[in-house]
Amino acid sequence: MEWKVPLFDPDIGEAEIAGINEVLRSKWLTMGERTTRFEERFSELVGVPHAIALNSATAALHLALAALDIGPGDDVVLPSLTFVATANAVRYCGARPVFADIESYDCWNVSAASIEAALTPATCAIVVVHYAGYPCDMPAITKLARERGLAVVEDAAHAPGGSLAGRAMGAWSDAGCFSFFSNKNMTTAEGGMLTTARADVAERVRKLRSHGMTTLTLDRHKGHAFSYDVVSLGYNYRMSELNAALGLAQLDRLGHGNAQRRRHVARYRERLAGIAGLSAPFAQFAGEATYHIMPVLLPRAAVRAEVMKHMMACGIQTSIHYRPIDTFSAYVAAGLGPSATLPLTHDVGARGLTLPLYPGLSEQQVDYICASLSDALSAAERAA
Ligand SMILES: *Cc1c(COP(=O)(O)O)cnc(C)c1O
């Protein structure tokens, strides 16, 4: 399918190409000095002492929970309106995901109140997701966690460069988990980062990402070490130098890209305001958002599949973020859904639609998308 407007379009330029070439010429391909530099720069961005590069955000979520000793018998409260990896990571640890509803039709994040309603006697941790890059109410959520003695992990896959009250997303909890998958605000093709202010968490995550080994290939290459011990059951979750080279180049684009996204969202809001029955969430939020995606809530009468077909006929790719995790077959089969306590999540899961958003989008394209969506909804009304 040749889209007039794709859902996303990564911003890749000469710096990325040069970075990849440099790595290949250097012949040092696996986790090395570029990865270390990428980690240093990312830790500055987030304002925490430790940033650990991994091969995905899924790995970051898994290791965050593992390093916090989450395991069998533990419940972890998290949203259902998120990518399935957020909940899968809980299950990798043998723990049970318990889903909390979103706050409201405007705020599609979990809140301290919705988390509190989902707490069980076995709850040990909370995983929050900054949906679309709009900050969760971290002061209230961390206060609740402190009172109940719970660990907090941020799935900040949508939120690199975002902040609340001057504190970066990913710096509000025991561990922040970022994704650099191709469609995220910055990409390394595949990749992730775990940020933490806790030295103990950082140390455990560094070991777990590389087989539980005490030294790295690079240390041995440099003559800093000749052998190693294995001190835990680890994984291979390392980032390669190729990915890190992309990440370094992408970090230089992040601020500008996020600012472009903000401008496009402002224009979207202006144009969408005239469409009857349609709303766009996060009309109100606190902090600096990163505008990862552009979700809207369709009128109840609209048939979403028909709207998506109409948009496709206009050459516009749309998507759904997200089908609630508790409705997936694998979650129902495991006795983890469907949940009766997520009315808002299920309604938004049924009526939500994601419109294209990326830095290189033009104002004309935004106008075209909004006009096409308006047509799609009138066509649906006529048909009804
Ligand atoms: C993309 C995404 C992930 C997974 O990221 P990967 O790097 O692909 O593993 C996890 N959570 C959310 C909310 C995401 O959007």
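This note covers the ligand site and the cysteines of a predicted model.

1. Ground rules. Residues are numbered from 1 along each chain as its sequence is written. In this predicted model, local features need pLDDT of at least 70, side-chain atom pairs count only at pLDDT 80 or more, totals for chains, interfaces and linings use all residues, and side-chain values use heavy atoms, with hydrogens and water left out.

2. Distances to ligand oxygen. A polar backbone atom of A57 is 2.8 Å from an oxygen atom of the ligand. For H158, an N or O atom of the side chain is 2.8 Å from a ligand oxygen. For Y322, a polar side-chain atom lies 3.3 Å from a ligand oxygen.

3. Cysteines. How many disulfides does the structure hold? It holds zero (a disulfide is a pair of cysteine sulfur atoms within 2.5 Å). For C93, the nearest cysteine sulfur is that of C177, 11 Å away. C93 is buried, with a relative accessible area of 12% (buried means under 20%, exposed over 50%, partly exposed in between; 1.4 Å probe, protein chains only). For C370, the nearest cysteine sulfur is that of C314, 12 Å away. C370 is also buried, at 4% relative accessible area.

Conventions. A polar contact is a pair of N or O atoms within 3.5 Å; within protein, one must be able to donate a hydrogen and the other to accept it, and residues adjacent in sequence count only if both atoms are side-chain atoms.
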